Amino acid sequence: MVLILWLPLFFKEDQCTMSKRKTAELDITKVKLTKKEFKRQWGLIFVAALYVIYGIVFYYLPLGGWIMAFQNYKLKTGLFHSKFVGLAKFKFLFEDDRFIRVIRNTLAMGIINLAVTFVTAIAFAILLNEVQSRWFKKTIQTISYLPHFLSWIIVCGIIHDSLSSTGIINEILLNTHILSKPYNFFAHPNWFWPIVAFSNVWKETGWNAIIYFAAITAIDPALYEAAAIDGAGRFQRIWYVTLPSIKPTIMILLLMNIGNVINAGFEVQYILGNGLVQRVSETIDIYILQFGVGNMDYSLGTAAGIFKTAVSIVLIFIFNQIAKSQGDEHLF
């Protein structure tokens with residue numbers, strides 16, 4: 001009888017021992033790349049080497065072209081014989097009123113796009129998770145993903161046709177007597193940034209919501225059950241359970257997307273833009289196209305590209321340190 005009473009203690013001790021042994025086995029240790037280890041994992045090493053070579057060739061070797069930003073580059077003289085001008089191209093950029101206006105447009109549209117698409121993706125994922133009907137949820141998911149696979153030319157064509165003087169939006173406004181005559185949305189600069197933001201939301205919300213939806217489905221259902229027992233309603237469960245649970249995912253994606261604020265886009269602004277809204281539609285990419293390629297001033301275009309890269313890196317470092325100091329999830 002005494003032996004039977006002591007058995008659970010022995011069993012518990014064995015479990016602890018086994019747990020410690022498993023933890024020790026799972027400890028990650030550095031493995032030296034010996035000849036034997038190389039033969040055993042040559043397949044993985046070969047595939048990894050291909051990706052390293054690809055990255056070097058297509059991502060790092062082209063950075064050598066940045067030297068053009070410090071030269072008066074000419075096609076005839078080439079990269080190694082063009083005249084060195086130092087920071088003259090950067091000085092020209094920041095003394096050019098058009099480039100300053102382009103920076104304003106790029107940052108404004110980048111911030112608007114980030115804020116709107118970020119919030120709509122999170123809200124869409126949460127609302128989709130609250131849908132009880134399985135088939136309806138899957139149908140909505142599939143429909144919301146489809147615009148992501150359309151090219152920007154098609155998307156801009158749909159937006160342009162919808163907002164044109166004979167488009168469906170004007171038809172609705174005229175038939176409901178909100179307007180007395182057709183309104184040209186693309187002739188008023190105040191409408192251009194909202195149109196760009198709406199285009200990004202319509203195209204990318206469903207796709208951006210995938211990772212949030214995956215994070216929500218990984219939440220322990222017991223948390224929702226406990227909140228419901230405590231009297232929390234649906235919106236309270238969203239606020240006190242769903243959002244805190246996916247906060248790490250939100251922070252990581254936010255930090256990653258902050259670096260793209262300076263990449264407000266090119267296709268939407270270039271296709272939907274016109275002379276009437278040029279002051280608010282030009283971005284740095286359009287500026288690079290017109291001056292760097294159109295005027296064959298490759299040095300100026302390269303300098304503008306380096307500026308974009310530097311701003312992106314600085315933004316990521318700044319907001320990563322802010323998140324780190326606040327104790328939130330961070331990249332490094």
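With which residue does E37 form a salt bridge? In this predicted model, residues are numbered from 1 along each chain as its sequence is written, and local features need pLDDT of at least 70, side-chain atom pairs count only at pLDDT 80 or more, while totals for chains, interfaces and linings use all residues. Side-chain values rest on heavy atoms, with hydrogens and water left out.

The partner of E37 is R40, and the closest N and O atoms of this salt bridge are 2.7 Å apart. The term salt bridge stands for a side-chain nitrogen of Lys or Arg within 4 Å of a carboxyl oxygen of Asp or Glu. Both E37 and R40 belong to helix α2 (residues 35-40), where they sit three residues apart, about one turn of the helix. Helices (H or I, at least four residues) and strands (E, at least two) are DSSP runs, numbered from the N terminus. Are the two partners buried or exposed? E37 counts as buried because its relative accessibility is 16%, whereas R40, at 61%, counts as exposed. Here buried means under 20% relative accessible area, exposed over 50%, and partly exposed in between, with a 1.4 Å probe and protein chains only.

A search of the whole structure finds eight salt bridges, and another of them joins E282 to R101, with the closest N and O atoms 3.7 Å apart. E282 lies in the loop between α13 (278-281) and α14 (284-294) and R101 in helix α5 (residues 97-130), so this pair ties together parts that are 181 residues apart in sequence. E282 has 2% relative accessibility and therefore counts as buried; R101, at 18%, also counts as buried. R98 joins the picture too, as R98, R101 and E282 are linked in a network of salt bridges.

A further salt bridge pairs E204 with K203, whose closest N and O atoms are 3.2 Å apart. E204 is buried, with a relative accessible area of 15%, and K203 is buried at 5%.

The axes of α4 (residues 88-95) and α5 come within 5 Å and cross at roughly 75 degrees, so α4 is roughly perpendicular to α5. Axes are lines fitted to C-alpha atoms, for helices over the stretch in contact, and angles run from 0 to 180 degrees between N-to-C directions; under 35 degrees counts as roughly parallel, over 145 as roughly antiparallel, 65 to 115 as roughly perpendicular and the rest as oblique. L93, F94 and E95 of α4 touch D97, F99, I100 and I103 of α5, contact being heavy atoms within 4.5 Å.
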